[in-house]
Amino acid sequence: YASLFSPAQILASRPVTLADLRKLAVDVRGVRNAWIEKVGELSLKIFHNRNGASPLLDHQKNLIQLKDGEGTEPVNLKGLYQVLIETSQVLGVDSAEVVRNVARRLHAHRPLCMDFESVDVMDAQNIQVRASIEIGSDGNPEDIYVAILGKIAACISPAVLFYTLTQRLAAGKRVDEIFDGPMLTQGFIDTDELARMERKTALRVSDFLHEIMDVEGVLMVKYLALSGGV
């Protein structure tokens, strides 16, 4: 069988979708999660001057310039994206190193007509959760408390899971599905799971309520409030 190609050689490919690029970013050591989002408004404005002349080249027309002026029109660049990174607190990799490694990997695999305006690590924001919870008489308060904290943490910041080939096959995935996309160094990422991990821009009490009620041993949530931590 030495003359035959392995599935990783014939089924894997270069990244062709945003999900593929996101997987490459998450695969970088020190990254817990990452999002690649289209840039809505450019941080650096550029303008097209059809009739402008360069101070150095009087005959030059159709200039691209950084300042607005008479006869100019803004240039709406397409294909620009921003990369937002959530770092892993467990590995403790320096944020600057994470940014460099993510940027290096993404720029090495980005397709034509696509570029990244920025690669940034998101700032941490502390959240205070105040709750009064009734549990069953046969439940262990400490175990239930730990389970509740785990549910809340997973709701706010779910971790991207890496699977082995054996786990993917046991889950009923076909070999061509498993190896679809770029090869990663830490294992395989489920595309559907990754798509459900949208970047949260707001937290709702109702979401926390459902997560806490899902913990075994919890009978009732009497009071629940969220606030920004100090």
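This is a predicted model: local features need pLDDT of at least 70, side-chain atom pairs count only at pLDDT 80 or more; totals for chains, interfaces and linings use all residues.
Visitor: Why is Cys113 called exposed?
Guide: The relative accessible area of Cys113 is 74%, and exposed means over 50% (buried is under 20%, partly exposed in between, with protein chains only and a 1.4 Å probe); Cys113 is therefore exposed. Cys113 sits in the loop between helix H3 (95–109) and strand E6 (115–121); helices (H or I, at least four residues) and strands (E, at least two) are DSSP runs numbered from the N terminus.

Visitor: What makes the phi of Cys113 worth a look?
Guide: Cys113 has a positive phi of about 65°, yet is not a glycine. Most residues other than glycine have a negative phi.

Visitor: What makes a set of residues a nonpolar core, and which have the most contacts inside the largest?
Guide: A nonpolar core is a set of buried Ala, Val, Leu, Ile, Met, Phe, Trp, Tyr and Cys residues joined through side-chain atoms within 4.5 Å. The largest one has 24 residues, and Val83, Val102, Leu106 and Phe116 have the most contacts inside it. Helix H2 (18–26), strands E1 (31–38) and E5 (80–87), H3 and E6 each give two or more residues to this core. A second, separate core of 10 residues includes Ile144, Ile148, Ile212 and Val218.

Visitor: Which residues is Val83 in contact with, leaving aside neighbours within four places in sequence?
Guide: Among them are Trp35, Val102, Leu106, Phe116 and Asp120, where contact means heavy atoms within 4.5 Å.

Visitor: How do you know that E1 and E5 pair?
Guide: Strands pair if DSSP finds at least two bridges between them; seven bridges join E1 to E5, so they pair, and they run antiparallel. Lys38, for instance, has Tyr81 in E5 as its bridge partner.

Visitor: Why are E1 and E6 called edge strands?
Guide: The open sheet has the order E1-E5-E6, with mixed pairing, and E1 and E6 each pair on one side only.

Notes: Residues are numbered from 1 along each chain as its sequence is written. Side-chain values use heavy atoms; hydrogens and water are left out.
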